[in-house]
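Please read it alongside the sequence and the coordinates.

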Amino acid sequence: MNVKHYRFGIIVLVFMLLMTSTAINKSGDSAAERGDEYMMAEELERFINNEPKLQGAITGISIRNAATGEKIYDHMGDTRLRPASNMKLLTAAAALSVLGKDYTLSTQLLTDGSVTAGRLNGNLFLKGMGDPTLLPEDIDMFAKKLKEGGIDTVDGDIIADDTWYDDQRLSSGLIWGDEQWYYGAQISALTVSPDKDYDAGTVVVEVQPGDAGEKPNITVTPDTNYVQVSNNAKTIASGGEEDLTVEREHGGNTIEVEGTIPFESANVKEWIAVWEPTGYVLDLFKRAMEEQDITWTGDAKTGITPQNSETLYTHNAMPLSELLVPFMKLSNNTHAEMLVKEMGKVMHDEGSWEKGLEVVETEMKKLGLDTENLNIKDGSGISHMNLLSPDEISKLLHSVQDKQWFDVFLNALPIAGETDRMVGGTLRYRMENQNVHAKTGTIDGVSTLSGYTETEKGDKLIFSIMLNNLLDEEDGPVIEDKIVEMIATHK
């Protein structure tokens, strides 16, 4: 063998050894990874089978590699379950895709008349276009703008227009026991929130103890004549048991307060949904006009704004990128349903659940979900008729990562252990030592958690945990947190 051939042989041998070594390392890494996944699966299965509060319940789990989308574990992952507020993941993704992160909702003040010498000769219209963040001070601003425009008298009617959406107030499947609470508030294109949690269509009822033996003091925020309070409660001696109920009668706006509250105890607050929120806004607008000494000669009522009306003032809400923060962090049901109707309005010129949910399903299909195996009845997840599987949710969470709006989507998710409500949201007191961005969900018998986490090795994982048929849904978060810890800390 000559030197040339000898050297070539040595080079080939070294190359083959290197290739073999690389293959062995890759094979070893793959085996190690498979071993890690096997150990995690074994630990999860053992936990599920031995957790007493999961006995008789349904546990659905799906875990994927965030980078590849590969499913690395599932337990009944393809089983359709009630998602509760994990449904909002679909609504948020669809809204960002269809409306865009810069989309804004608005409220307009219009007239079909003209102004002469401080007198508006015509009707005044307050037209809602789906803004769930309208505040009482914003309504005050409408009246101030009229005054600044030199208007002292309206020679016509004051008309509240909510026809941007249809008049179906409650979504299919919402149970009657939820409709008086803030999370079951009625949906109107013209609505108002009492504070910056933006629970549209609600008032805040605060009960303050009086002297022992006397009735407590009750305030309603914002101050409105639209609701009445029937105070049948009693202040009892310090150390007694607080046993208050604050409820609104069905079909009306009388709020009944009954029971007992101890002397010197903390005030009790409840966010109560009003019946017909359009009338609620109209009442606040009338009060605002009175405070500006603006009078009107006609009626205050609901109606439709003529197409040729002139816009006097427009109040724009925050862009969708910002609205998603209170929507997702605080799990605001009203925002979800209004976004669904807005998508229906934009895409089909009909602000209804039917048309809006058609849009949601279309967008989910584009994102790779099997829409034939889903049942979607609302945008918030409050309906017990919604059915999704953990696999489809984890698939969605993988698919959205390559969208240009993903940073907005991720930012809107609650972050574990962050105590600021608009950062940590519903996870602010959970999993303080874990890197978790995830959406919570709770309805009767249901607790869910889906999102993103990072393992101790730095791997990013997607998970969806859906617990159904729990005897007490309040047991769910502790169980979910244990499962996420097992996922994140597996070696």
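Helices α6 and α7 are roughly perpendicular to each other, a class that takes in angles of 65 to 115 degrees, whereas angles under 35 count as roughly parallel, over 145 as roughly antiparallel and the rest as oblique. This is a predicted model, in which local features need pLDDT of at least 70 and side-chain atom pairs count only at pLDDT 80 or more, while totals for chains, interfaces and linings use all residues. Residues are numbered from 1 along each chain as its sequence is written, and side-chain values use heavy atoms, with hydrogens and water left out.

**Packing of α6 and α7**

- The axes of α6 (residues 333-348) and α7 come within 7 Å and cross at roughly 85°; axes are lines fitted to C-alpha atoms, for helices over the stretch in contact, with angles from 0 to 180 degrees between N-to-C directions.
- Helices (H or I, at least four residues) and strands (E, at least two) are DSSP runs, numbered from the N terminus.
- On the α6 side the contact involves E337, V340, K341, M343, G344, M347 and H348, and on the α7 side W353, K355, G356, L357, E358, V359 and V360, where contact means heavy atoms within 4.5 Å.
- The residues of this contact divide into 7 nonpolar, 3 polar and 4 charged; Ala, Val, Leu, Ile, Met, Phe, Trp, Tyr, Cys and Pro count as nonpolar, Asp, Glu, Lys and Arg as charged, and the others, Gly among them, as polar.

**Salt bridges**

- The structure holds 19 salt bridges, each defined as a side-chain nitrogen of Lys or Arg within 4 Å of a carboxyl oxygen of Asp or Glu.
- Within α7 (residues 353-366), E358 and K355 are 3 residues apart, or about one helical turn, and their salt bridge has its closest N and O atoms 3.8 Å apart.
- E358 is partly exposed at 33% relative accessibility, and K355 is also partly exposed, at 23%; buried means under 20% relative accessible area, exposed over 50% and partly exposed in between (1.4 Å probe, protein chains only).
- Salt bridges that share partners join K71, D74 and D391 into one network.
- R248 and E179 form a salt bridge through their side chains, at 2.9 Å from N to O.
- Because R248 lies in strand β12 (residues 243-248) and E179 in the loop between β8 (158-161) and β9 (202-208), this pair ties together parts that are 69 residues apart in sequence.
- R248 is buried, with a relative accessible area of 5%, and E179 is buried, at 7%.
- D223 and R287 form a salt bridge through their side chains, at 2.9 Å from N to O.
- D223 lies in the loop between β10 (217-221) and β11 (228-236) and R287 in helix α4 (residues 277-291), so the pair ties together parts that are 64 residues apart in sequence.
- D223 is exposed, with a relative accessible area of 53%.

**Aromatic pairs**

- The whole structure contains 6 aromatic pairs; rings of Phe, Tyr and Trp (its six-membered ring) pair if their centres lie within 6.5 Å, with planes under 30 degrees apart counted as stacked, over 60 as edge-to-face and the rest as tilted.
- The ring centres of Y182 and Y183 are 5.3 Å apart with planes at 80°, so the pair is edge-to-face.
- Y182 is partly exposed at 37% relative accessibility, as is Y183 at 32%.
- W405, F406, F409 and Y452 form one aromatic cluster.

**D243 in strand β12**

- D243 is found in strand β12 and is partly exposed, with a relative accessible area of 48%.
- Leaving aside neighbours within four places in sequence, D243 is in contact with E258, G259 and T260.
- D243 and G259 are 16 residues apart along the chain, and their C-alpha atoms are separated by 5.3 Å.
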